[in-house]
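Thanks for coming, everyone. Please look at the sequence and the structure on the screen, and I will walk you through them.

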Amino acid sequence: MTAEPVAWRADGVPRSERFDDIYHTETGALAQSRHVFLGGCGLPQAWAGQPQWRILETGFGLGLNFLTTWQAWRADADRPRMLHFVSVEAHPVGADDLLRAAEAYPELASLARELVAQWHGLLPGFHRLAFDEGRVLLTLCIGDVQPMLRAQRFEADSLFLDGFSPQQNPAMWSPDTLKAVSRFARQGTGLATWTYARAVRDALSQNGFQLERRPGLPPKRDCLGGVFAPAWTVRRRGPAPERIEAPGRCAVIGAGLAGAAVAASLARRGWQVTVLDAASRPASGASGLPVGVLAPHVSPDDALLSRLTRAGIRATWLELQRLLEEGRDWRASGVLERRPEGDTRVPAGWSDSGPNESWPASAEQLMAAGLPADVPALWHARAGWVRPSRLIEAWLRQPGVEFRGNAAVARLTRKADGWQLFDAADQLLMAADRVVVAAGFESGRFAPKLPLQPVRGQVAWGHMAGLPATPLNGDGHLIAQVPDAEGALLWLTGATFDRDSTDLAPNAADSAANRDRLARLHPTAAAALAPAFERGEVNTWVGVRCASGDRRPLVGPLDEEASGLWACTALGSRGLSFAALCAELLAAQWHGEPLPLPATLAKALGTQRL
């Protein structure tokens, strides 16, 4: 899947050869966006004072409707706290063409550069891009319009119907597509489009829109605006999505990756969040690993776990870039993954030319990591190492988040106006409107119906220079050249998997097992570290992960009868991959926001599945 080529005419107007049509009117894209789309939906006036505004667009094209909307949001003192822009695009263009289109408009150029910085890895599916401290969220739905619309669920405040002309791209304007668009409308949802085609008007009218003919932007005489106001009672296929209008006070149990990520996501939406933990400091459980690998799962059929980890790493990557210092707290180094002999298969069409960001490793990459050139391995370009505690601390420092240590929650009580949390002495710790359980394997005390399993893990770590700078993954992992607080270079290898064990005491058998793994993973590094092992100069760290029955995270309500009690747990050994994504999924479900994942993938993480 290569970038869609754009043909640039001599007058600077971009044209699609696939559809034999121009991307925007000759009058200019910025004028069209402001007059037809923002003006047609009454923006920015309509969103004034709202907690969020949700826009669905059909046809991202060169991104100028998004950039213009984002620019208007930035310039508006009465803007909503959150701006959601969801756009469907079957044929994404390249980054160079995005920049070229926007640079004609000085007020959009800097925003376009921020967009291009996240314009990568655009395989078919959903891709969540975040701007302005995570308060402007762009969800790109890459694929044909009808499947993408079926995969997303939310009530839009504005609908932008864009795309090439109905004559050149009839699928975008078909009655079935416009009916699918109408399913995103609520009473009062605004609609705008540049076309005044009779077939489009008829289909929209039949689906409940009251339409208005408006002056077009030359050379077009007319454009179309409207509002969803059906004369009949709309019947939805499922229950209406939950939507909390006024954020309140939330208690999060657990100060690991899951709990800290949830706290930060909710605080961005206006919640006052208190994170309670039995330990005196955050990241005292499994999330306290000295350093971890962030790398996706890859499978020849691009299986469910592969798609989930890819989405999760994109979400985490944005937070790492936003909050942490690269080289000290994390490093975008890429990761080599050793594979069994003959098993370096990736989905058909994947190569080092992208847009995929994993492919079979080259001989040069292997040799640079100190491995033989013929070792079977994958290269993950969007991967690296992370100090989990640094990310947790950064999330807990966000405005609206408070951490309380030495606050072990023993029981919860449901009251008419919310929840009360008590300690073991039956002293009230706090009252909250909502509670999120994110306590790792301890989550089972508050969620006995969930199939949670503790999984003990032991790693070895120490200090040494000269080891490979590229993290290595496979049967175990090796991370090296990680600077500690004093500047010395840390290494780590492991880890073991001991299911149903919560024993935090190190043991010699696991130390031996980690040495054996390292010897298979990277014999040269194992030989270099052998004297340190033999002299007893190697440190041991033990943590207990939490896994679900099917090894996927659990995000969702714990009891349909007890409103406001949710879980975000069971991240297993992929906390770095899943924490940010799961937190955003939980926040989206609370607020009726666009999902960061296709509905089927979101369901695969839900508590209701088990």
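The chain exposes about 24700 Å², an accessible area from the Shrake-Rupley method with a 1.4 Å probe, with only the protein chains shown counting as cover for residues. Carbon and sulfur atoms supply 49% of that area.

A word on sources. This is a predicted model, where local features need pLDDT of at least 70, side-chain atom pairs count only at pLDDT 80 or more, and totals for chains, interfaces and linings use all residues. Residues are numbered from 1 along each chain as its sequence is written, and side-chain values use heavy atoms, with hydrogens and water left out.

Now the overall build. Of the 610 residues in the chain, 58% are buried, meaning under 20% relative accessible area with a 1.4 Å probe, protein chains only. The chain has 15 helices and 32 strands. These are DSSP runs, numbered from the N terminus: helices are H or I of at least four residues, strands E of at least two. The radius of gyration is 26 Å, close to the 25 Å of the globule rule for 610 residues, so the chain is as compact as a globular protein of that length. That radius is taken over C-alpha atoms, and the rule is 2.2 Å times the number of residues to the power 0.38.

Next, strand E5. How many of its eight residues are buried? Eight of eight, across residues 82–89. Met82, His84, Val86 and Val88 cover one side, and Leu83, Phe85, Ser87 and Glu89 the other; all are buried. In a regular strand the side chains alternate between the two faces of the sheet.

E5 has parallel partners. Strand E4, residues 52–58, pairs with E5 over seven bridges; pairing takes at least two DSSP bridges. Ile55 stands opposite Phe85. From E4 the chain crosses through helix H2, residues 64–75, to E5, and this β-α-β crossover is right-handed. That is, with the strands pointing away from the viewer, the path from the first strand over the helix to the second runs clockwise. Seven bridges also join E5 to strand E7, residues 136–142, again in parallel. There, Val88 stands opposite Cys141.

Last, an open sheet. Six strands run in the order E20-E13-E12-E24-E32-E31, with mixed pairing. E20 (401–404) and E31 (554–557) stand at the edges with a single partner strand each, so one side of each lacks a neighbour in the sheet. Four bridges join E13, residues 272–276, to E20 in parallel. Leu276 has Arg404 as its bridge partner in E20.

Notes:
Buried means under 20% relative accessible area, exposed over 50%, partly exposed in between (1.4 Å probe, protein chains only).
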